[in-house]
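Subject: Structure handover

Hello,

Here is the structure I promised to pass on. Please open it before you read my notes.

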Amino acid sequence: MSRKHAYYRGVRMAPYDLVKEFLVALGVVTLLVVILAAVLSSPDVRPLTLQSIATTDPQSYVQTALNELDGSSGISDYGPPYNNGTGAVQYIGPISIQQLIGVHIPVSTAQDFVLGPLAQVAPTNPSWKVALDRYNAAPARQQTAWTNAYNTALGKATESGPHLSVARCACGPVTTMMKAMLALGQRGAMDGLLLTNRQFYQTDYTRPLLFTADPDNNVVNARATSLHLLGSQWGVMNETGNYPGQAWLWLYSLFYQIPPYTTAWAANTDALAILSITVLSLVLLFLPWIPGLNRLPRYLGVHRLIWRDWYREEKQKAARTAKHNAEVEA
Amino acid sequence: MNGVQDYVGWGFVHISIGNLVVIILMILIFALAVLLPFPGGQESER
């Protein structure tokens, strides 16, 4: 007798049509998908573009552009993978995986977000070209003086719909450059100018997204808050509108709500949440070999519920045998 | 469905009604799968 036959000896078998089950399940799920898609449609929130931000909140848009130019934006000092800054570098103990992997999507905020796009369109507008040439030719100290002066003036600027009024200042060519940036943004040109042209079909939206989602940009932050998409709002689990989101990410999202991840470990939450999920996933993967934990299914007894008929029959069989033996002895 | 979101909160737990419905449905289907009798088939001794 083979080992297989010996192993299964005495175990009752029930024929079961697995192909039929698969086809029935496929049919039911397909029908459900079609009906639910027809009835519920899909989330349809208007996207935030640089054009919409420049039009609805020109001050925030120009402030982001200025911060990219003078190197004070959240991305300027972010760190890997964009640059060698340290602003958003996270650690697990003494190790930073982010720094180990290094800079592999190099972003120079002044060049990529302001000077580069302006250089592309400068030939179409002589005043923009003069301003850009003057800025590029100036020493770094002069550039900083201009951007600082514009930053002060921008703080006192007033908005009227899409129009931004910035008081006159000793800002050199920066005033013209920022006006050009705003005009390009409101015309919808910036969304295209920030794309990386490395291939025929454009799929690399890194730079437009970085510019749009820069921490300085109040519009994106406000929209994310109103849609409950921030990390502190269990954001990765949520979808816009009343659609269900990614409920299976509850455990990952949980770490962003509880101490010490939100307190003592707050500066490294992402790295430590990933580490925690990795450890828990490994525990789940190796559960059958972990002493104690591998006994859990036995203690929980879910299999006894699933195979309750078999256990009931076995109990009755044992009771009958016991009764029979008692009668024989009597 | 694209209207204003509804959320329920309990301590640090903050969950959308949509997610809550899906989670309750998943638990319900799991309970039914465990409790409903297994589809019939002629049993045989091997």
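Below are notes on the interface and on one helix.

This is a predicted model: local features need pLDDT of at least 70, side-chain atom pairs count only at pLDDT 80 or more, and totals for chains, interfaces and linings use all residues. Residues are numbered from 1 along each chain as its sequence is written, chains are lettered from A and ligands numbered from 1 in the order written, and side-chain values use heavy atoms, without hydrogens or water.

The interface comes first. In chain B, 28 residues are in contact with 34 residues of chain A (heavy atoms within 4.5 Å). About 2600 Å² is buried between the two chains, and carbon and sulfur atoms give 56% of that. Buried area is the accessible area (1.4 Å probe) lost on being put together, summed over both parts.

Salt bridges between chain B and chain A number zero (a side-chain nitrogen of Lys or Arg within 4 Å of a carboxyl oxygen of Asp or Glu). Polar contacts link 12 residue pairs across the interface, both residues at pLDDT 80 or more. A polar contact is a pair of N or O atoms within 3.5 Å; within protein, one must be able to donate a hydrogen and the other to accept it, and residues adjacent in sequence count only if both atoms are side-chain atoms.

Strand 2 (13-16), helix 1 (17-35) and strand 3 (44-45) of chain B each supply at least two residues of the side that touches chain A. Helix 1 of chain B gives the most, with six residues. Helices (H or I, at least four residues) and strands (E, at least two) are DSSP runs, numbered from the N terminus.

Now the helix. Just after helix 2 of chain A, Ser41(A) takes a positive phi of about 60 degrees.

Best wishes
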